[in-house]
Every structure is written in C-alpha cells, then in structure tokens.
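Student: I have a structure to work through with you. Could we take it piece by piece, in short questions and answers?

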Amino acid sequence: MDPVRLQALQQAFLDLRFGMFIHLNMATFEEREWGDPTLSPKLFDPKHLDTDQWARAAKSANMGYACFTTKHHDGFCLWPTKTASANIMQSSYPHDVVRRYVDSFRKAGLKVCLYFSILDLRADIRARTVTPEKIALIKAQLTEILTQYGPLTALILDGWRASWSRISYAELPYREIYDLVKTLQPDCLVTDHNAGSYPGTALYYTDIKQYEQHAGQKIPPNSPVPSQSGTTLQSDWFWKKAYPTSELASAKTIVDEWLVPFNENHCNLILNVAPNRDGRFDDNAVARLAEIGKLWKNPGPAPRIGRSVTITTPDLAAGKPAWASASDEAVGPDQAFDDNFRSYWLADRGKTEAWIEVRFEQPVAFNTLSIVEALGAEGYGQASRITAYRVEVERDGAWVALVSGGQPAPYQFHEVARTTASRVRLNVTGQQPGITEFGIYDEPRAG
C-alpha cells in the first residue's frame with residue numbers, strides 16, 4: 001500500500017475516536033469466554049436479535065464505528081459460509097447475523113469493522129497443526145466476508161501471534177493474508193491483536209497497534225503510532241447471566257480515564273457491549289451508553305500522526321547464527337535475533353563500544369532495518385544507554401556503512417535502498433548497551 005494512503009486511512013480511523021465491540025457467538029449461550037468447539041450449533045438461538053437496537057445504542061454514546069465478531073476461537077461462523085465450517089445456517093437461528101449487523105450500522109451512519117479469529121478450534125487450526133488446506137480455508141472465509149458485506153474500515157484479527165495461541169507468522173504466513181485483504185479491499189486496515197508478542201510503539205504485522213486494555217496492555221506515554229485500546233463495559237467479552245444486574249464501568253471512568261486521554265495519545269477506544277441470549281443489549285447497558293453520550297461528543301479530527309513504518313514480512317535475521325564483540329555473562333547475541341521482545345543481548349560490562357552481527361549462508365536482499373534497545377527490560381532501566389549506532393554490511397572483505405545515528409528512538413526503523421549481503425553488523429556506543437531485536441526485512445515497496 002502507498003504509505004501516504006495508509007497514513008490517511010490510519011488518521012481517518014483515529015478521527016472516529018470511539019467505537020463499539022460486539023461479542024456474540026456460541027460462548028454467549030455457554031457462560032464461557034471461549035465457546036466449546038464440540039457443542040452443536042443448535043445451541044445458538046438469539047430469538048429476538050435486534051441489530052437496530054445495537055446501532056441506536058452506539059449512536060447514543062456518540063460512537064463512530066463498531067466491530068462485530070464474525071467467528072470467535074471455537075470456529076462457529078455467524079454468516080452462511082460456503083466452506084465446510086459450522087455456521088449460522090445450522091443453528092436454531094438460521095439468519096445471516098453479519099448481514100443484519102452491517103446493514104443496521106450503515107443505516108445509522110456508523111462505520112463498519114469485522115473481527116475474525118485465526119485460531120479455529122473446530123477446524124483444528126492451532127499451533128503446529130496448520131496445513132495448506134487450513135490456510136486455504138481461512139482465505140476462503142476471509143474472501144467471503146470481504147466481498148459480501150461492503151467496504152470495511154478495518155478487519156480485526158485475533159488468535160494468531162499471541163502467547164496463548166502460539167500460531168506463528170511463519171507457520172501461517174502473515175503477508176499472504178495481508179495481501180489477500182488489500183487485494184479485495186485496498187482501503188481496509190488490517191489489525192492484529194499481537195501486542196503481547198510485539199509490545200511497545202511500533203507497527204509489527206498490523207496497520208493499527210492493538211492494546212487489549214482488558215488484559216492489562218497499556219498504551220505507552222507519547223505513543224507515535226495509530227492505536228486502538230479495547231476493553232469491556234461489562235466484566236467480560238461475552239454475556240453472562242448476571243449481567244442485567246451487574247455493576248458496569250461508569251460513564252465518567254470511560255470518558256475521563258479512557259476515552260479522552262487515549263484520544264490524546266493517538267489511540268481510539270473500542271468498548272465491548274455484549275448482547276444477551278435474546279440478541280439484544282440489556283437495559284442497564286443501553287442506559288449506560290446514553291449516559292456516556294451526555295458526557296462526551298466527538299470534538300472533531302484527532303491529533304495528527306506522522307508516517308509509521310509497517311512491518312509485514314518475516315525477520316530475515318530471526319534464528320540465524322549471530323556473533324558479538326563480547327557479551328555479558330549468561331547472555332549472547334542470539335537473543336537479539338530471536339524474534340522475542342522480552343530477551344536481549346547485553347554488551348560485556350565496562351565496554352563502551354560493541355557490535356553484534358548476523359551471518360547468512362547465502363546473500364540476502366533487504367530494504368528495512370529495525371533497532372530496538374532493551375529499554376524497560378528487567379535489569380536494564382528506562383533510560384537509553386546508546387549514544388551512537390552504525391549498521392554495516394561486508395563487501396569484498398571490508399565493512400561498508402549503511403546507516404548511522406545518535407541515540408535511537410525506542411523503536412528505530414531505517415528504510416534503505418535494497419541491499420544484498422551475507423553479513424550485517426550493528427555497532428553501538430554507550431555504557432554497556434543492550435539490544436532486544438535487530439531486525440532485517442525485505443518489505444514489498446517501490447524503489
């Protein structure tokens with residue numbers, strides 16, 4: 001995607017400021033958060049489904065958009081998929097719920113997003129079980145929802161590169177899914193819930209940084225990237241029997257502690273409201289949303305963002321043999337090339353100049369570099385230890401500089417002319433500096 005166009009779409013998303021997440025699926029009828037994949041679809045029966053009520057409630061809170069769960073982790077599809085997956089037409093309520101949702105919200109003037117779980121327990125799509133046939137199933141289902149329901153503001157993915165699902169971007173290739181979405185809907189933002197694996201303020205494998213506030217993920221201060229923070233009005237994502245009389249998040253908390261400060265930090269808020277087993281919002285939820293709308297109105301365009309580098313391809317250096325000038329005890333340079341943002345290489349104590357290097361069996365082509373210092377890591381501290389850095393490649397037995405700089409940003413990216421090399425080295429100067437990840441990527445782009 002053209003970077004200027006992507007930035008405009010990201011800004012438009014932030015300008016919406018406030019949205020509604022709607023979790024309705026098999027779990028609604030099971031008093032659970034993940035539906036049991038062995039249960040019959042007949043259990044799903046929202047007899048009095050009222051998507052117009054949902055849209056009215058969202059409008060009453062002055063929301064600008066909504067996102068609906070087309071398929072959650074158990075794998076039950078809320079649209080009449082032509083794939084072999086269990087779906088709404090096999091339920092006790094054989095109606096296209098996705099269609100009703102998009103029609104109601106568009107009629108109310110609200111933007112529409114859809115949620116889709118990559119993890120699929122009915123189809124046995126989970127870590128170490130992914131096959132070409134299962135990837136084809138995902139692509140077929142995404143093609144259905146991207147071609148049958150009109151333009152989407154965003155597709156929110158989940159259950160992929162998460163600590164609890166463990167489906168990697170290598171096993172189920174991110175770029176294949178990303179390209180499919182952009183081919184079918186070029187202006188649809190692709191956003192993946194991966195902040196647990198890629199913490200911090202950088203767009204790794206997502207057009208919008210996702211923070212699951214409900215799971216304790218917090219937006220760092222002064223975040224420069226477009227973000228979304230998700231939490232719940234009720235206690236959990238899916239409806240429970242106690243909800244009609246349960247305490248809800250207060251309107252004042254939602255507005256003053258979440259919505260307004262998040263918006264000022266390049267982040268919009270998506271608030272989950274769980275429909276009950278009738279397919280309607282409980283009275284207390286409807287009243288709370290109206291109360292929010294009396295306290296807050298969209299003030300207009302959100303604070304401007306700059307262009308963010310978006311990583312969409314595998315880290316070519318991940319898992320490759322690594323060397324260092326010297327390392328502190330019990331750490332090694334491999335920890336700067338392990339695609340793990342919780343480990344780090346540390347230069348030997350007392351050293352003010354050091355380097356780490358990755359070596360490839362065959363020359364590789366790349367055009368993007370990332371340098372992530374170990375800020376905030378246990379034993380490292382919040383202040384940068386790096387005063388200068390330089391990236392070099394070996395050519396004909398000599399080291400040639402590609403890029404250099406002073407103290408790097410917490411997530412420092414460099415887009416360079418496509419370069420081919422077998423050895424790439426990062427030199428750092430400072431008081432025992434440490435590197436969490438030194439990433440090397442070949443991103444599809446012009447030039």
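Student: Which residue in strand 3 is the bridge partner of Phe 68?

Tutor: Bear in mind that this is a predicted model. Strand 2 (65-71) and strand 3 (111-117) run parallel, joined by 6 bridges. Within strand 3, the partner of Phe 68 is Leu 114.

Student: What is the strand order of the open sheet?

Tutor: The sheet has 8 strands with parallel pairing. Its edges are strand 5 (189-192) and strand 7 (209-212), each pairing on one side only. Neighbouring strands are turned by 25 degrees against each other on average, direction ignored. The order is 5-4-3-2-1-9-8-7.

Student: At about what angle does helix 1 run to strand 5?

Tutor: Helix 1 covers residues 3-16. It lies across several strands, including strand 1 (18-22), strand 8 (227-232) and strand 9. Its angle to strand 5 is about 70 degrees.

Student: What elements do the buried residues of helix 4 pack against?

Tutor: Helix 4 spans residues 132-147 and has 16 residues. From first C-alpha to last, helix 4 reaches 22 Å, close to the 22 Å expected at 1.5 Å a residue. Its buried residues include Ile 135, Leu 137, Ile 138 and Leu 142, but also Lys 134 and Glu 144. They pack against strand 2, strand 3, strand 4 (154-158) and helix 5 (174-184).

Student: And helix 5: which of its residues are buried?

Tutor: The cover over the buried residues of helix 5 includes helix 4, strand 4 and strand 5. The buried residues themselves are Tyr 174, Arg 175, Ile 177, Tyr 178, Leu 180, Val 181 and Lys 182.

Student: Are helix 2 and helix 7 roughly parallel or roughly antiparallel?

Tutor: Two packed helices are described by the angle and the distance between their axes. The axes of helix 2 (residues 51-60) and helix 7 (residues 283-295) come within 7 Å. Gln 53, Ala 57 and Ser 60 in helix 2 meet Val 286, Leu 289, Ala 290 and Gly 293 in helix 7. The crossing angle is roughly 30 degrees, and angles under 35 degrees count as roughly parallel, so the pair is roughly parallel.

Student: Is Asn 62 buried or partly exposed?

Tutor: Asn 62 sits in the loop between helix 2 and strand 2. Its phi is near 65 degrees, positive in a residue other than glycine. Buried would require under 20% relative accessible area. Asn 62 has 26%, so the residue is partly exposed.

Student: His 266 has a positive phi too. Is His 266 buried or exposed?

Tutor: Most residues other than glycine have a negative phi. His 266 has a phi of about 60 degrees. This residue lies in the loop between helix 6 (251-264) and strand 9 (267-272). Its relative accessible area is 16%, so His 266 is buried.

Student: Which backbone oxygen does the side chain of His 266 reach?

Tutor: Leaving out residues up to four places away in sequence, the contacts of His 266 include Leu 14, Ser 223, Pro 303, Arg 304 and Ile 305. One of these contacts supplies the oxygen, at 3.0 Å from the side chain. The oxygen belongs to Arg 304.

Student: How far apart in space are Ala 324 and Val 416?

Tutor: Ala 324 lies in strand 11 (residues 322-324). Beyond its neighbours within four places in sequence, Ala 324 is in contact with Pro 333, Trp 345, Trp 355 and Ile 356. Val 416 is 92 residues away from Ala 324 in sequence. C-alpha to C-alpha, the distance between the two is 24 Å.

Technical notes. Residues numbered from 1 in each chain as written. Predicted model: local features only at pLDDT ≥ 70, side-chain atom pairs only at ≥ 80, totals over all residues. Heavy atoms only, no water. Helix = DSSP H or I, 4+ residues; strand = E, 2+ residues; numbered from the N terminus. Expected span 1.5 Å × (residues − 1). Buried < 20%, exposed > 50% of the residue type's maximum accessible area, 1.4 Å probe, protein only. Contact = heavy atoms within 4.5 Å. Polar contact = N/O pair within 3.5 Å; in protein donor to acceptor, adjacent residues only side chain to side chain. Pairing = 2+ DSSP bridges. Axes fitted to C-alpha atoms, helices over the stretch in contact; angles between N-to-C directions. Parallel < 35°, antiparallel > 145°, perpendicular 65-115°, else oblique.
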